[in-house]
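Here are a few friendly notes to read with the structure open beside you. Take them one at a time and look for each place as you go.

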Amino acid sequence: EILVPEFHKKIKEAFEVFDHEANNTVDVREIGTIVRSLGCCPSEGELHDLIAEVEEEEPTGYIRFEKFLPVMTEVLLERRYRPIPEDVLLRAFEVLDPFKRGFLSKEELIKYMTEEGEPFSQEEMEEMLSAAIDPESNSIHYKDYITMMVIDE
Amino acid sequence: MSTHDLEDMGCGTSSATQDRQPEKVLKAALVIQNWYRGYSARLKARQRYALTIFQSIEYADEQGQLQVCFASSSLLLVKCFSSLLIIEKMNVRVRFKLRNLEIVARLFGSTSQDNRDRQECVTLIEVPNSYNGPRLQFPLTFTDIDLLVEAFKQQQILHARYVLEVLFETKKVLKQMPNFTHINTSPSKEITICGDLHGKLDDLFLIFYKNGLPSESNSYVFNGDFVDRGRNSIEILMILFVSFLVYPNDLHLNRGNHEDFMMNLRYEENQEVLFSYLQIHGKKILQILEDVYTWLPIGTIIDNEILVIHGGISESTDLNLLHRIERHKMKSVLMPPVPLDGGHDTKSKKHKINATVMPWEVTSSSSLSEQLTKHEWEQIIDILWSDPRGKRGCYPNTSRGGGCYFGPDITSKVLNRFQLKMLIRSHECKPEGYEICHDGKVVTVFSASNYYEEGSNRGAYIKLSSDTNPRFYQYQVTRTTCLRPLYQRVNAIESSAIRILRERIISRKTDLINAFHLQDRTKSGKVSMSQWAFSMENILGLNLPWRSLSSHLVTTDTNGNINYMSSFQDIHIQKPVKEAQSTLIETLYRYRSDLQIIFNVIDSDHSGLISMEEFRSMWKLFNRHYNIHIDDVQVDDLAERMDLNKDGSIDFNEFLKAFYVVHKLDKLNKSESSLA
C-alpha cells in the first residue's frame, strides 16, 4: 500500500549509512545494527535466521541491498520484532531480584547476562556495566537505570 | 523461544520461589539481553549518523572552498597580468589598483627579491633575554627534539626566530630529497607509518609515548596533513621538521592536500596562530612555509613493494613521471597551470575541479619554466586527493571536488604496472583509525583521534618490518582518565553534529522555504516526509539519512507529516544591524567561511583590517563568483555601519563574528549534559 515506498526509502537510508564503499553492500556483522536502528528488536536467534534469509547462497561476508530490501520491508510491514515495553523490562529485572531489594549486584548481573539466555560477549558485558553500575555500591539500581536509558532514547 | 512470551508474565505478585524457576530466569535474561542489544545498536547507529553528518559537511566545504579559491585566484591572475600591462603602458580594458599587484606577488610564491631574503636576515632577529621558551641550537641534535616536545607539553611558544630558522633549514634539506624516498626495512629495523595529524598535538605525543621518539633505530613516515583544524599546527610542524633535520634518513615526510598555503587560509585557527607567533613575522613565516610545503616529497616507497602516499591513485597514475617532475612547482591545488599562449586553448582551462572558466587575453612576463604541465599537475592532484571505493573503475571525486575515486581494479592495475604489492594512504577519517580495503591491497591509516568530536574515532599507526605482516596500533586521546560510557560519548558527538547541521539549515532558510512552498500549495505549513527529505537533500546538497534524522530537526504531526517551519523556530541569526535585509545576512552567513578566505587573500599584511574601498571591491568579487545580486547601496550601508570608529577601515573579524546563530535551546542542553 502507501507504506511500502516510505519503508523502502527508510531502509535504504539506514543501509547506506553502513555502506562504506558505496557499492550497495554492507558487512554482515552490521546487519544487526541496521535492523535495530530501524526500530526492531529481534533476539540473536531471530537475527541469525534473518541473516540466513538475506545471505548469498555461498556466504561472502557481505549482504547485498537487493536481497535485504524485500526481507526487511516484510519485517516492517508485519511489525515483527516489536521492542520490549518498559514495564516488561522492569518485570524481568524483578524476576532476577526475587527478594525485591531494588538492585542487582555486579556479580549477579554478570552471572545472569553471561550464563543465561543468549549470553553477552565480554565486550557487551563491559559496555553495559560502564553505564549501569553505581561505582560506590558496585550494584545496578535497575529502576533508575531503565528510566535513564529510556529518557536517552 | 520468543521474548514476547514474557508479555504475559503480567505484574501480579509472585513469591520469591516462583520467580527463581529456571524457566522464568531464562526468559528474564532474554528480555534484558534483547533490550540491551537493541539499545546498544541504536546508539551505534546514532554514532554512525553523526559521523556521516560531519563527513558530508566537511567534504562539501572542501569542495566549496576549492571553487571559491579557484575563482578568486584566477580573478587575481587577471588583475596581475592586467596590472603588468598598465605598467607597460599598453591598452587595457580594466583599471586596477597597484595594491593588487602586491597581493598577487605575495600569493604567487617568493618573488626574486624575497629569495634574497635569506637566513642572514633571520639571524638578525633577536631573541630577548626575557624569552622563556625553548632555545634551539643549530646544528640541531636529538636534545632539541626532546626540548621541543617538553616545551610544547607545557604549552610554551617557540620564538619566531627559531621557527624561521627551522623552516629555512628544512627547505634547504628537503630540496635535496627526491620526489619519492626509497627506504628498506630489515628484521631489526621497523618503520612506523602515521596518517593525518591535523594539528592535534596530543595525538603526536601519544604516538611518541607509545612508540618512542624518532631516532636512527626508530624510523617514521608521516603521511601528510600535519596541519589545519587542530590548534597546534605550528607545534606539530616544528617537531616534525626538527626531527627531520636531526634524522633526515629516518624521518620521512610526505605532502598532504593540506600542505598547501591556500588551504591553510581557510582556517581561523591558523590566523590566531600566526598572531601568536608575532604579527611582524607572521607574514614571513607564511612565505617560507609555502615554499617548504612545495618541497615536501610526494611519497615513500618501502622495500620496493609498498607505496605510501597521502590520498590515492587514478588509472593514469604514472610513477615514472612522478619521479621526474619538478615537484616544487606545484604551489597549490588552487593554482592550476595557466595557459600562456593567448588563451585560445579553452580545453586546457577545464580541470577536474569545478571552476568557472575565465576567458582572458594574456601576455605576461612569467615563463613556461615556472609551471608544471597540466598533465603533471593532475598527476599530483590525484596522488593528494583521491579516495578508494568499492566500485570498479576510476571516476571524479565529487564530494571533494578534486582527484578521483578509484576501484579495486584500478589498484591492481597500477600496483602491477609498477611491481608493487600494497598502497598505504591516509586522507580519510576512519572510526577505528585504520581500514583495509581492495582485498588487502589498500590500507588507510589516520592518526588524529577524536577528529570531529570527542569520541568520534580512534587514531592508529602501522608498524612494518620485513618479515612479518603489518601491525596496527590504535589509540584515542581522552580528556578524562576513565572512558565515559558509550551513551554519553554518543550524546556528545550527536549533539555536536546536529548543531552544525542545524546551522547549515538556517543558512539556507530562504531557499529551503521556497522549495517547501512549491510542494505545499495550500500553504498548510506541512509536507510529507518524502517531500521534506527530498527538498532537504536537494537544497543542502548533503547525502544524509534524512528520515532517521528528522526527529532532531523538525516536528511531525499525528499523521506523520512534517511541520517544515519548525526547523527555523528555535534558531535565528542574530543581526547586528536590524534594518539590513534578511537575504543579505543569510548569504553572508552561509558564505562566511568563503568570505574569510577572500578576506585573508586581500588582507595582505594579516592585520585584520581592510579599507572601505577594499571591502566594496571584495564584495564585487564575491558577487561575480556566486552570481548574487546584492545592491551596491546595501553593501555601502552595511560597510558604513560596520566601520564603528569611522576611520575608513573595517575590522572584518568583528564583522564576521557579528553573524552567529543563536540556539534558543542551547543553554538548556548545556545544563542537561552537565548533569549526565
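This is a predicted model: local features need pLDDT of at least 70, side-chain atom pairs count only at pLDDT 80 or more; totals for chains, interfaces and linings use all residues.

1. Every value below was computed from it.

2. Start where the two chains meet. On chain A, 52 residues are in contact with 52 residues of chain B. Between them, chain A and chain B bury about 4900 Å², and 60% of that area is on carbon and sulfur atoms.

3. Next, look at the charged and polar pairs. There are 5 salt bridges between chain A and chain B. One salt bridge to find joins the side chains of Glu13(A) and Arg547(B), at 3.2 Å from N to O. For polar contact, the count between the two chains is 17 residue pairs.

4. Which element gives the largest share of the side of chain A that touches chain B? That is H5(A), with 8 residues. Helix H5 covers 86-96, and other helices of chain A giving two or more residues to this side include H1 (3-17) and H8 (142-152). By class, this side of chain A has 26 nonpolar, 18 charged and 8 polar residues.

5. Now turn to the cores. In soluble globular proteins, nonpolar side chains tend to be buried together. The largest nonpolar core here has 62 residues. Those with the most contacts inside this core are Phe68(A) and Met72(A), together with Leu501(B), Trp532(B) and Trp546(B).

6. Beyond its neighbours within four places in sequence, Leu501(B) is in contact with residues including Ile53(B), Ile57(B), Trp546(B) and Leu553(B).

Note on methods
Residues are numbered from 1 along each chain as its sequence is written. Chains are lettered from A and ligands numbered from 1 in the order in which they are written. Side-chain values use heavy atoms; hydrogens and water are left out. A nonpolar core is a set of buried Ala, Val, Leu, Ile, Met, Phe, Trp, Tyr and Cys residues joined through side-chain atoms within 4.5 Å. Buried means under 20% relative accessible area, exposed over 50%, partly exposed in between (1.4 Å probe, protein chains only). Contact means heavy atoms within 4.5 Å. Buried area is the accessible area (1.4 Å probe) that two parts lose on being put together, summed over both. A salt bridge is a side-chain nitrogen of Lys or Arg within 4 Å of a carboxyl oxygen of Asp or Glu. A polar contact is a pair of N or O atoms within 3.5 Å; within protein, one must be able to donate a hydrogen and the other to accept it, and residues adjacent in sequence count only if both atoms are side-chain atoms. Helices (H or I, at least four residues) and strands (E, at least two) are DSSP runs, numbered from the N terminus. Ala, Val, Leu, Ile, Met, Phe, Trp, Tyr, Cys and Pro count as nonpolar, Asp, Glu, Lys and Arg as charged, and the others, Gly among them, as polar.
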